[in-house]
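Work through the exercises below with the sequence and the structure in view. Each task is followed by a solution in steps.

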Amino acid sequence: MTTPDMPWGAYAPGMAGLTGTQPSAAAVPGAPAPEVPAPPQQPSAGSAATRSGEFTPEAARRDVPVLQRPVNGRPLVWLDNGATTQKPRQVIETLAAYYATANSNIHRGAHTMAREATEMYEGGRAAVARFLGAPSPDGVVFTRGTTEAVNLVAQSWGRANLGPGDEILVSTLEHHSNIVPWQLIARERRARVVPIPLLPDGSIDQDAYADLLSFRTQLVAVSHASNVLGTVPPVKEMTALAHRYGAKVLVDGAQAVAHFPVDVQDLDSDFYVFSGHKLYGPTGIGALYAKPEILAGMPPWQGGGNMIDQVEFDRVTFAPVPHRFEAGTGHISGVAGLRAAIDWLTSFGREAVAAYETALLGHARQALAAVPGLTVLGDAPGKIAVLTFTLAGHDPVTVARWLDQEGIAVRAGHHCAQPSLRHYGLDAATRASLALYNTAEEVDRLAASLTRLQTQAAAV
Ligand code: PLP
C-alpha cells in the first residue's frame, strides 16, 4: 500500500478552491476547472496579520460566518471553544466542495476519482504530520478524535504491553477520555491506574510525580492543556523523566493544538492525540501520532476493510502502519476539512495567535476579577485562555442560562473532568474558553453580564 505525500493542489483541479485561497465558485459541479495553484505557503486569510507580526482577531472573525448570527436577539459571543470551535468558511467550503466535486472512497478502485481522493487523504496525513512536527506521515493514524485515539492506544498498545502489577500514571487534570480507557484496560490486564495529584494552583505536583514513577510505570497519560483549569504541564520534562524508567508517555493535545505550536519530536512524545473539531475543523476526525517504531509493534485493534493485506479463513495478514489502524471507510471529507483548518490556523502564525490569546486571557482575568463573588479555578503560570469559575449565590447552570439569554455561550457542568473539579471540592462550574476570534469587547460583555446577574440578585 502506498502512502504518497501529495501536495493538495496536485490531486483535484476542480477543488482548487478548497485551499481557502480561491473563491468557492470553482467548486461548483460543471464549472470550468481553474489552474491548479501551488500549495499555499502563506494562505491569504492571515497574511496581513502575519506580515505585521501581530495577530488581530478581526482577520479571523471575517472568515467565521456563525459569529455573525444573533442569539436571543444579541450578537453571539462564542465562549464555548473548549467544547468545540466555530468553523471558518475555508473549512465549510472545503467540505461542500469535496462532496460536490470529488467524493470517492479511497485506497481502492482504479478510477481517477478514487486515486484523487486517496492522494487528498494521504496529503492530509502529511499535513497533520507537519503540523505536529512528526518525522513522517507514517506515524499519523486518523481517528474520530481524541477519545478514539486514546482508546486505540489503550486497546492495542495497552493490551499488548500491560500486565499484572503494572502502573499507568494519570494526572488529576485529565479529561475522562484520558482516564476511563486506562481504567478499562487496567481492569482487564490487572494493572493499576495511579492518579498524579495537583497543587492548589492547578499545576501537576512534580515532586509527587517523581515519587510515583517507578519501574512498574508502563505509561504516563498527561494533558498538554487542561480543558478545565487551562494548566499547561511541563510535558517535555515529564516525558524525559518517564523515559528514565522506560515508561511511555501519551499526551492529550485536544486543548493544546488550537492554542500554541506543538512539536512532538521536541517533546519526545510516544503518543500524541487531538481532535479536529477543537482546531476549527470538522467533528468526527482527529489523529493519533505515535513514534513509528512503537506503532509498527502494535497489533490491530479493529478489523475490517482497508487494514488488511491478505485474508484467508485460516490466516490474515495486515497492512503496514498507519493503515493497519484504520479499519473501514474513514472520514474522508473530514480529512479534507481538517487540512483546511490547519492551513487556516497556521496562516495567522502560531506564535502570534498564542501571544494574542495570552493577552486576551490577561484582559479576561482583570475583567472577571471585578465581578463580585466570582472565583476563577486554576492559575498555574502559562495557562491557556480557559476561565472556569464559580459565582457566589448561583449554581453554574443558572449562570450559563443567564448568559445565554444575552447571547453569550459558555459551558456549565463537570466538563468531563470530574477529578480536576473535585480537587477544588466542586461537582460543577461555569467555563468560558476563549479562541483566536474572541475579542476584549466580548470578554467585557461577559463580565458586564455576570455583574448584572449579581446586582440583580442583590437587589431581590
Ligand atoms: N481531552 C481533552 C483535554 C478535552 O478537552 C476533550 C474534549 O473536550 C477530549 C479529550 C475529548 O475530545 P473528543 O470528544 O473530541 O474526543
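**Exercise 1: the ligand and its contacts**

Task: In this predicted model, find how far a polar side-chain atom of Lys 278 lies from an oxygen atom of the ligand.

Solution. Step 1: the distance from a polar side-chain atom of Lys 278 to a ligand oxygen is 2.6 Å. Step 2: the ligand on its own exposes 390 Å², and 86% of that is buried by the protein. Step 3: Gln 255 also places a polar side-chain atom 2.7 Å from an oxygen atom of the ligand. Step 4: for Ser 275, an N or O atom of the side chain is 2.7 Å from a ligand oxygen.

**Exercise 2: the shell**

Task: State how many residues of the shell around the ligand are nonpolar, polar and charged.

Solution. Step 1: list the residues around the ligand; among them are Gly 82, Thr 146, His 175, Asp 252, Ala 254 and Lys 278. Step 2: sort the shell by class, which gives 1 nonpolar, 9 polar and 2 charged residues.

**Exercise 3: a salt bridge**

Solution. Step 1: side chains of opposite charge can pair when their charged atoms come close. Step 2: the closest N and O atoms of Glu 442 and Arg 61 are 3.2 Å apart, and the two residues form a salt bridge. Step 4: in the whole structure, the search finds 14 salt bridges.

How values were computed
Residues are numbered from 1 along each chain as its sequence is written. This is a predicted model: local features need pLDDT of at least 70, side-chain atom pairs count only at pLDDT 80 or more; totals for chains, interfaces and linings use all residues. Side-chain values use heavy atoms; hydrogens and water are left out. A residue is near a molecule or strand if one of its heavy atoms lies within 4 Å of it. A polar contact is a pair of N or O atoms within 3.5 Å; within protein, one must be able to donate a hydrogen and the other to accept it, and residues adjacent in sequence count only if both atoms are side-chain atoms. Accessible areas come from the Shrake-Rupley method with a 1.4 Å probe; for residues, only the protein chains shown count as cover. Ala, Val, Leu, Ile, Met, Phe, Trp, Tyr, Cys and Pro count as nonpolar, Asp, Glu, Lys and Arg as charged, and the others, Gly among them, as polar. A salt bridge is a side-chain nitrogen of Lys or Arg within 4 Å of a carboxyl oxygen of Asp or Glu.
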